[in-house]
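Here is a friendly note to read alongside the model. Take the points one by one and keep the 3D view open as you go.

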Amino acid sequence: MFKTALIIQEDLILLRILERLMRTHGYSCRSIRTLAELNIEDQERVYDLIISDILFEGIAPLDFVFQIGEIIMHKSLIVVTNMGQEKVRQQISKSRNVAGFFSIPFDLDDIQKLIA
Amino acid sequence: MEISFLFVVLKVLLGVLILLWIIIGYSLVYRKHRTRHREKIESSFADITSKYLYTLPGEEVNLIEIQRTFRGLGIKRSNPKNVQYLIDLMIRTQRSLMGRNYKQLETLFKQIPPFRASLSKLNSTEWYIKARGIREIYEMGQKQHINALISERNNNNTYVRREAQIAMVVFLGWESLRFLPFLKMEMTLWQQIKVVEKLHDLYPEPDLPLLRKAYESDRFYASELVMRIIRKFRLESEVDYILNFLDHPDHDRREVAIYCIQSFSLINGQQQVFKKKFFRIPNTQQQVNLLKYFHTNSFQIDLEFYKKLLNSGNEILKLSTAEILWDSGYIKIVEEFYYGQYNSETIEENVL
């Protein structure tokens, strides 16, 4: 039985790398670059893991992460972004819903430890 | 006569209009095509790198095939735009990763085209192409080209020089302190910050003997750079070096010393040196800043020092001292000082 992961990442190269990382760890992946690609099925299933970027969809970065957490059912949430200012990092790591926060440059091995 | 002349004008204008339309149309088509082509390059680059980093069981990375793919996408020497785009993608990817994967990417990028594209930029006469070439070389960790970069570290152009110096730091780490402080040209603030950041990112383990060698340089940017390094790496043992510059005759060097010392707390002997140097600083604003730092950084109120300050010449300094004493509960001393300013005669006059 595959575990399922949803990857939301604007940077195509990072998206593909993360996708591969998850696949080598026995996840089946759905990867998207914008929220517009989400569909009704995504809302019906429960993902084991969401790896989300912080996208600028007209709301504050922190709200974006929380909204993702609310819209899509999941067991654990990791944030991987290139918008990793210190302020955002502090705010996000305060919240208990987020299992990990990575801003570029980051070590993929650290993510690997989280998902293994 | 007049009507035919108008017709000619009209025709010319129409011609211009149609020409404009054609140009706009061409540019639209070209842009669309170009964007699509870029997306194609990005997508296959993403596929190749991700496959290289995390190979699924049963898959194989074939370098010759990768080269063939890139050639098929038009990444050739005759097409510099595509080559540049690929290089930008490589740098972007490498900047986002650290650790084991960074090294792996380095190995990959050595083996795929564009070969020597960055190195050939160094021969350009334009500074921005040269600087870009240097940046590409160090961002992608192509250490084999370091000799070509060393000669650029004293280039007349600030930007070329800056990139070459950063490249030195990236490749040589603390070793680069052997000559960074002894360069001929000055080093701007931005350059110093970049150098310190790179050093901290790539070589987090400080090498004190090499740092201390740099103390010998008497160039102003060198001492500033060293002070910033001490601050960034929180080298408690080297605080004395910063202390030395607190009463330096040069305003800017004092400014940097004051900025850097604020990251440290002083131990007993250093406090004595600090107090001695404090009175030799010729700028009041700097003294006030230092006083605030000294107060927040010491556990006990050094009454003797503050009393000495209350009786020193400068009014602004007196005010700050009084403020500190008042806030720390020594209201009586401040009051005494305040009334002491007026001798008994003037008070009587005022009362009467």
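1. Let's start with a term: pLDDT is the predictor's confidence in each residue, on a scale from 0 to 100. You will want it here, as this is a predicted model.

2. How does chain A score? Its mean pLDDT is 84, and 98% of its residues reach 70 or more. Among the elements of chain A, helix α1 (residues 12–24) has the highest mean, 90, while helix α4 (residues 86–94) has the lowest, 79.

3. Now look at where the two chains meet. On one side, 23 residues of chain B are in contact with 18 residues of chain A. Together the chains bury about 1800 Å² between them, and 62% of that area is on carbon and sulfur atoms.

4. One to find for yourself joins the side chains of B:Arg100 and A:Asp109, at 2.8 Å from N to O.

5. Which elements of chain B give two or more residues to the side that touches chain A? They are α1 (2–53), α3 (80–96) and α4 (100–111) of chain B. The largest share, 9 residues, comes from α1(B).

6. Finally, check the make-up of that side of chain B: its residues divide into 8 nonpolar, 8 polar and 7 charged.

Conventions:
Residues numbered from 1 in each chain as written. Chains lettered and ligands numbered in written order. Predicted model: local features only at pLDDT ≥ 70, side-chain atom pairs only at ≥ 80, totals over all residues. Heavy atoms only, no water. Contact = heavy atoms within 4.5 Å. Buried area = accessible area lost by both parts, 1.4 Å probe. Salt bridge = Lys/Arg side-chain N within 4 Å of Asp/Glu carboxyl O. Helix = DSSP H or I, 4+ residues; strand = E, 2+ residues; numbered from the N terminus. Nonpolar A, V, L, I, M, F, W, Y, C, P; charged D, E, K, R; others polar.
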